[in-house]
Amino acid sequence: MIHSMTGFAVQTRDLGRVSLHLELRSVNSRYLDLAFRIADDLRQAEPAIRELISARLSRGKVECRLNLQTTDAAPRSLALNAGLLEQLSEAEATVRARLPEAAGLSVGEVLRWPGMLADDSLAFEQMQPAVVELARAALDELAAARRREGEKLADMIRERTARMRELVAQVAPRIPAIVADHQEKLATRLREAVASLDEDRIRQEVAMFAQRIDVAEELSRLATHLDEVDRILKAGGAAGKRLDFLMQELNREANTLASKSAATDITGVAMEMKVLIEQMREQVQNIE
């Protein structure tokens with residue numbers, strides 16, 4: 001299957017008081033380029049997600065957004081760390097025994113003491129399996145989106161290659177007649193211009209001219225490149241770079257066809273080919 005580099009996926013997982021929310025967006029890029037926007041509480045998930053994405057995708061600029069969303073408006077329940085509170089009380093009593101004039105701890109100071117308050121929020125270790133499951137599901141969705149878009153691109157390219165085959169088939173049978181006609185016209189002009197020019201020299205000039213305007217080889221190479229485009233589309237996989245190279249080769253042959261053409265209608269065919277190639281090239285840039 002041909003895959004586009006453009007796609008979007010979103011997945012959520014309910015974890016009770018909170019839910020995990022993950023978005024994946026991808027656009028075309030020469031290489032695989034990953035960018036992460038992850039909430040601080042979930043920052044530890046980045047290496048695992050990066051590994052999953054790298055195993056599934058080969059090209060594209062991929063942005064991953066992962067965050068926690070509150071699903072319950074009720075306030076979190078808080079609990080005092082009883083053991084720490086007891087230790088703090090004993091420490092204060094010891095200090096006041098030595099320094100009776102020392103000020104006692106206020107309630108606010110006690111509550112702000114590191115580790116004194118605990119809430120019911122989930123630790124990352126508790127959420128990690130859900131994060132990995134979420135990332136896999138999002139990647140499945142993204143891959144499906146890229147596959148659907150890739151099939152559309154492949155169909156568009158097949159339409160253009162079919163049209164180019166029609167143009168090649170339209171031009172190829174006319175080449176011998178066009179060459180022969182221009183040979184005769186050139187020979188007549190040479191005879192008129194230089195009456196003393198011998199026939200051997202005329203034949204040499206005519207043969208050289210015929211060689212310069214004969215585009216049969218270019219048409220043959222165009223057909224071969226079109227066959228290769230169809231073969232790559234059928235094989236699927238990471239085909240973007242190979243198709244991009246073939247677009248360059250097709251364009252080179254179309255340029256040569258235009259420059260060597262000795263007939264206006266063939267020049268028009270070459271120009272239409274160049275338009276079709278450019279349309280394909282633009283779409284190939286989005287193929288993985």
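This report walks through a predicted model, starting with the sheet and moving on to the helices and cores.

Four of them, 4 strands in total, make up an open sheet, and reading across it the order is 1-2-4-3, with mixed pairing. Strand 1 (7-14) and strand 3 (32-38) sit at the edges, each pairing on one side only. From one strand to the next, the twist averages 15 degrees.

Strand 3 and strand 4 (residues 60-70) run parallel, with 7 bridges between them.

## Finding your way across the strands

Gly7 stands opposite Ser26 in strand 2. Glu23 has Arg65 of strand 4 opposite it, and Asp33 is placed opposite Lys61, also in strand 4.

Strand 2 is mostly covered, with 8 of its 10 residues buried.

## Helices over the sheet

Helix 4 (residues 124-171) lies across strand 1, strand 2 and strand 4. Its direction makes an angle of about 150 degrees with strand 1.

## Helix 8 and its partners

Helix 8 covers residues 240-260, which is 21 residues. From first C-alpha to last it reaches 30 Å, close to the 30 Å expected at 1.5 Å a residue.

Its buried residues are Gly240, Leu243, Leu246, Met247, Glu249, Leu250, Glu253, Ala254, Leu257 and Ala258. Note that Glu249 and Glu253 are on that list. What do the buried residues of helix 8 pack against? They meet helix 4, helix 7 (216-235) and helix 9 (264-284).

The largest nonpolar core has 33 residues, and the members touching the most others are Met164, Leu250 and Met273. Helix 4, helix 7, helix 8 and helix 9 are the elements that give two or more residues to this core. There is also a second, separate core of 25 residues, which includes Ile53, Met127, Val131 and Leu142.

Setting aside residues up to four places away in sequence, Leu250 touches Met164, Leu222, His225, Leu226, Val229, Ile277 and Met280.

## A serine before strand 1

Ser4 lies in the segment ahead of strand 1. Is Ser4 buried or exposed? Ser4 counts as buried because its relative accessibility is 1%, and the cut-off for buried is under 20%.

The side chain of Ser4 reaches the backbone oxygen of Asn286 at 3.3 Å. Leaving out neighbours within four places in sequence, Ser4 is in contact with Arg146, Glu149, Gly150, Leu153, Asn286, Ile287 and Glu288.

Conventions
Residues numbered from 1 in each chain as written. Predicted model: local features only at pLDDT ≥ 70, side-chain atom pairs only at ≥ 80, totals over all residues. Heavy atoms only, no water. Pairing = 2+ DSSP bridges. Axes fitted to C-alpha atoms, helices over the stretch in contact; angles between N-to-C directions. Contact = heavy atoms within 4.5 Å. Expected span 1.5 Å × (residues − 1). Buried < 20%, exposed > 50% of the residue type's maximum accessible area, 1.4 Å probe, protein only. Polar contact = N/O pair within 3.5 Å; in protein donor to acceptor, adjacent residues only side chain to side chain. Core = buried A, V, L, I, M, F, W, Y, C linked by side-chain atoms within 4.5 Å.
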